[in-house]
Amino acid sequence: MDMFEGVGRRLDEEKGSLVEIGSHSLNGRERKVLFRNNGDGTFTDVAFVNGIARQEDGRGLSILDYNNDGQIDLLLRNYKQPTELMKNTGRGSGRWMEFKLVGTISNRDAVGARIRLRTVNGWQTRVVNAGSAYLSEQSLIQHFGLGPENRALEVLITWPSGATTHIGELEGTHRFTVTENSLSPITCADPACPE
């Protein structure tokens, strides 16, 4: 999954104004969309293929790796409906890497930390944030999709305190815990870690 939109109102593509919602709530009853990154700056809506293209009154969305399998799952909260976990059951061939940061000088959850990861295809960046959603929260674990690459060439972390951590080459398809200002800053945090 590259991008999901399930909460909020969209613009009318022809008029450029907000879509008329009639007697529904301010969020509206809109079709949920799921976009796949085409790798060329464009996206393709694949919600119909994945069974997500449902018309609901979205209120909350959390994005997380619920079962620690490296595939991003969605937790949806719709108006007057129970919360629903949409478990990613895709069998994608892409590899991944996840980081849980632990602040020791900075705040414990490392909110505000910036992680930059480099593969042969270039750089990716994630920023740890909190309080960024209505009626929901995002995972503090930062997920990077590696595509066909087996490893990251380097990882650079800038902590809220201003301290930096530089990590060399890392094998993909693992979750790592990184602790700020530590002599051994990184540990592999999943059962499939190499010895």
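User: Why is Leu75 called partly exposed?

Analyst: Leu75 has 31% relative accessibility and therefore counts as partly exposed, since buried means under 20% relative accessible area, exposed over 50%, and partly exposed in between (1.4 Å probe, protein chains only). The model is predicted: local features need pLDDT of at least 70, side-chain atom pairs count only at pLDDT 80 or more, and totals for chains, interfaces and linings use all residues. Residues are numbered from 1 along each chain as its sequence is written, and side-chain values use heavy atoms, with hydrogens and water left out.

User: Why is Ile72 called buried?

Analyst: Ile72 has 15% relative accessibility, so Ile72 counts as buried. Ile72 lies in the loop between β6 and β7, and its C-alpha atom is separated by 9.9 Å from that of Gly90, 18 residues apart along the chain.

User: Where is Leu75 placed?

Analyst: Leu75 belongs to strand β7 (residues 73-78); a strand is a DSSP run of E, at least two residues, numbered from the N terminus.

User: How do you know that β6 and β7 pair?

Analyst: Pairing requires at least two bridges found by DSSP between two strands. Six bridges join β6 to β7, which run antiparallel, and Gly58 stands opposite Asn78 in β7.

User: What is the strand order of the open sheet, and why do β6 and β8 stand at its edges?

Analyst: Three strands follow the order β6-β7-β8, with antiparallel pairing. β6 (58-64) and β8 (84-86) each have a single partner strand, so one side of each is left without a neighbour in the sheet.

Notes: Helices (H or I, at least four residues) and strands (E, at least two) are DSSP runs, numbered from the N terminus.
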